[in-house]
Amino acid sequence: MKHRGRHRRRRRGRALRGVLAGTALALTAAATLISASQATVADAPGALKPIGASAEAGRLPLAEHRVPGRWLDRLTSLMGRPVGAGTVLDSADRTLRNADGCPAAEKHTLPVEPAATRAYCFDGADTRGWQPGAVTTSGDADDDGRWGHNRVILSGWTRGAAAGGSLDGPAPEQGLAKVAFVDANDPDRLRYTWALLAVPVDGGRDYRGLVSPLSGMVWYQDKLLVTTREGDRDALYVYDMDRIQRATVDSDAVGRVRGGWSASGYRYVLPAVASYALPGGDDVPHPAAVSLDRSTTPDSLVASEWVPADGDRRTRLWRYALSRDPARSGLLATDSSGHADPVEAYETKTADVRGVLSYRSGWYLDRAAGTPGGHGTLWRQDTKGARATECATDETRHCWSGRSGSLSYWEETGEVWSQSGRMLFALPLASVDRSLGRSADR
């Protein structure tokens with residue numbers, strides 16, 4: 001797809017931001033006031049600590065492996081001509097409910113401060129047994145915010161994984177990962193349909209389901225990159241948004257079945273076209289959260305590992321450059337040996353990070369709630385210090401979403417998208433910066 005210029009984005013962005021400023025939802029009250037018991041603030045994480053490129057902690061080279069073209073061609077010859085995201089959107093037959101129609105318990109998980117300006121919920125019956133884990137949008141895919149003529153949101157879900165993603169990975173029989181393709185052209189009526197993520201096997205004669213929690217996801221140009229914990233060395237799988245196959249048999253099976261092809265009851269399946277593997281060795285960190293940063297040159301993918309709140313080491317952050325080669329659209333920049341090395345790395349004291357976002361000089365880290373039913377914390381860090389969003393009621397920093405999810409910045413509109421439980425929500429990045437409390441440098 002042609003990569004369009006930023007001048008169109010800026011014109012549309014100004015208009016859309018003006019609309020958003022006058023249409024913010026009154027969601028703060030629905031989120032419920034935070035109790036005084038949550039007002040205790042743990043030690044602030046302080047400034048980011050840069051890690052030198054030669055330091056072992058800062059190195060996380062990812063080895064690129066392409067699925068052989070003959071495998072993909074064989075799968076196409078067997079399943080039929082692939083379709084694109086636009087065709088999937090045209091068949092969207094489910095509707096996200098606007099915030100007013102969502103259960104109070106779901107709305108309680110939304111941020112208290114800053115408040116969401118848009119919020120929607122998935123139907124409970126449609127997502128029962130599945131856990132949300134990642135969000136990306138057509139604002140990542142193309143800098144004018146559209147894919148073709150459509151505004152699109154992708155929401156990733158995993159069957160049987162713990163909320164936010166079980167970092168040890170689900171049991172094979174539970175796994176399976178699917179993506180909701182959300183038609184966001186009409187903000188008052190978001191429609192969606194599902195596609196299953198898969199991996200080609202047997203030389204392209206079949207495919208199996210991706211067995212991994214989706215804790216991070218980025219749609220860049222024509223590729224969708226998702227985090228994975230399928231094996232000891234798996235880091236990212238890559239999907240081609242112009243190579244989506246139709247399932248022809250409606251059954252719970254995945255792959256080739258009698259009479260055609262099945263995708264666990266869904267109409268579409270995405271076969272992986274590439275993957276990025278971790279280096280060997282003990283204690284190799286896995287990227288758990290990823291997002292796109294369009295404020296760098298070239299555009300970059302940022303990643304964070306997951307370290308538990310009671311862990312004995314710092315969380316590491318990495319930045320990878322994205323390729324400028326038209327023949328490698330949507331892929332990481334690699335060296336002659338096919339390795340993608342970080343161009344920047346940091347350590348932070350922030351633990352239990354479930355979402356990461358980098359824009360200009362700031363890194364935004366979404367820390368999960370420390371108690372069931374509580375709210376998380378959103379930190380903004382740089383090499384000078386750290387600040388967190390604060391609730392106006394009692395100045396506690398526990399005012400971000402309750403069930404933290406990935407972060408995605410839609411630069412054209414200035415919105416940050418995330419997901420908390422079944423709630424999909426957005427708010428201006430500017431409102432996040434305005435709600436940051438006093439400096440918490442340490």
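Visitor: Are Tyr 192 and Trp 194 buried or exposed?

Guide: This is a predicted model, in which local features need pLDDT of at least 70, side-chain atom pairs count only at pLDDT 80 or more, and totals for chains, interfaces and linings use all residues. Residues are numbered from 1 along each chain as its sequence is written, and side-chain values use heavy atoms, with hydrogens and water left out. Buried means under 20% relative accessible area, exposed over 50%, and partly exposed in between (1.4 Å probe, protein chains only). By that rule Tyr 192 and Trp 194 are both buried.

Visitor: What kind of aromatic pair do Trp 400 and Phe 425 form?

Guide: Rings of Phe, Tyr and Trp (its six-membered ring) pair if their centres lie within 6.5 Å; planes under 30 degrees apart are stacked, over 60 edge-to-face, the rest tilted. The centres of Trp 400 and Phe 425 are 5.9 Å apart and their planes stand at 65°, so the pair is edge-to-face.

Visitor: At what distance from the ring centre of Trp 194 does Lys 178 lie?

Guide: A charge sits over a ring if NZ of Lys or CZ of Arg is within 6 Å of the ring centre and within 35 degrees of the ring normal. Lys 178 lies over the face of Trp 130 at 4.1 Å. Over the face of Trp 194, the distance from Lys 178 to the ring centre is 3.7 Å.

Visitor: Which residues do ring pairs link into a cluster with Trp 157?

Guide: Tyr 192 and Trp 194 pair edge-to-face, at 5.6 Å centre to centre and 85° between the planes. Ring pairs join Trp 157 in a cluster with Phe 122, Trp 130, Tyr 192, Trp 194 and Tyr 266.
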